[in-house]
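Student: I would like to learn how to read a protein model. Could you take me through it step by step?

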Amino acid sequence: MAQTIIGDALPNIPWEDRPAGSDAVIWRYSQNPVIPRDAIPTSNSIFNSAAVPYNGKFAGVFRADDTRRIMDLHVGHSDDGITWTLGPDPIEWQFTDAELANFEHRYDPRVCWLEDRYYVTWCNGYHGPTIGIGYTHDFETFHFLENAYLPFNRNGVLFPRKINGQYAMFSRPSDNGHTPFGDIFYSESPDMVHWGKHRWVMGTKPWTWQSTKIGAGPIPIETTEGWLLIYHGVLTSCNGYVYSMGAALLDIDEPWKVLYRGGPYLLSPQTLYECVGDVPNVAFPCAALADAATGRLAIYYGAADTVTALAFAYVDDLIDFVKQNSEL
């Protein structure tokens, strides 16, 4: 079997076979949601969170909005990637500059293993939303590096290796509210602090599931076909925003160049836990585990801005779908 994913084997990846009789490219875990809204005593909701392999098990950083409705980040651990235990208190960041301790909110984290540590990016409220960058070696002590950009920005997603000798990240310039616009941009940095060489990647598509705004989702997956990017798209319905997920293939050396982009969505809010919650009609992907040996993917996504759900796919099927249904 050809190995499409360029990466490591993950033999204990959480997994459930595609339901009998289904031809879905992505299918939901039958026991969703995997993390309920009240998994810790103070939480109103837990969603839009990131999980990674760690020491033969799994760890991650999770968005938990508390009962004051303050948005913050918590550590989580799991033996199997399905049953999670979350720390009851938010992460306490270590700072070299006390100014960085000032924040309005922290939400929608991504976690990326890169070189010798786990980097965390999140939407950090610093006089408006921007992209905070920090790291941890052990999911116990967390170091805050810097805010990557001036406000306003969201959906900061790092690449799992340097591109042409530079750190690389996607982001979505936005505004200070419920942004009614948004394209994906690519940026580079020599040191994880100073970001530039910005390139436009792709924008919205009128009259489709991704007509209002789009944003990068999980860490891009390196494959023999290019970078596989799972992303969210939003349409504005007569009853508000609808968040769905889709995918694109990007050039391996110049990731701002889109090779293929799926026209149809891969998963849209259709179940009760995706359609009913604090924010109805949301399926927001934030993390994907990949097993290079089998091509399996396990995708974590926020549902209705309330709970965390899990879906599965084979990377080869996903790539074939994007190629066969590409609309650039």
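**Reading strands, hairpins and a core**

Tutor: Let's start at a turn: strand 3 and strand 4 form a hairpin with four residues between the strands, and Arg69 there has a positive phi near 70 degrees. Strands here are DSSP runs of E, at least two residues, numbered from the N terminus. The model is predicted, so local features need pLDDT of at least 70 and side-chain atom pairs count only at pLDDT 80 or more, while totals for chains, interfaces and linings use all residues. Residues are numbered from 1 along each chain as its sequence is written, and side-chain values use heavy atoms, with hydrogens and water left out.

Student: What is the order of the strands in the open sheet?

Tutor: Strands of a sheet pair through backbone hydrogen bonds, either parallel or antiparallel. Here four strands make an open sheet in the order 2-3-4-5, with antiparallel pairing. Two strands count as paired if DSSP finds at least two bridges between them.

Student: Which strands stand at the edges?

Tutor: Strand 2 (43-54) and strand 5 (84-86) do; each has a single partner strand, so one side of each lacks a neighbour in the sheet.

Student: How many bridges join strand 3 to strand 4?

Tutor: Eight bridges link that antiparallel pair, and Phe58 stands opposite Ser78 in strand 4. Strand 2 and strand 3 pair over nine bridges, with Tyr54 partnered by Lys57 in strand 3.

Student: What does the turn between strand 2 and strand 3 look like?

Tutor: That hairpin has two residues between its strands, and Asn55 in the turn has a positive phi of about 50 degrees.

Student: How many residues of strand 3 are buried?

Tutor: Buried means under 20% relative accessible area, exposed means over 50%, and partly exposed lies in between (1.4 Å probe, protein chains only). In strand 3 (residues 57-66), nine of the ten residues are buried.

Student: Which residues touch the most other members of the largest nonpolar core?

Tutor: In soluble globular proteins, nonpolar side chains tend to be buried together. A nonpolar core is a set of buried Ala, Val, Leu, Ile, Met, Phe, Trp, Tyr and Cys residues joined through side-chain atoms within 4.5 Å. The largest one has 39 residues, and Val61, Trp84, Trp93, Val111, Phe139, Phe142 and Leu310 touch the most other members. A second, separate core of 32 residues includes Leu114, Tyr119, Ile133 and Ala248.
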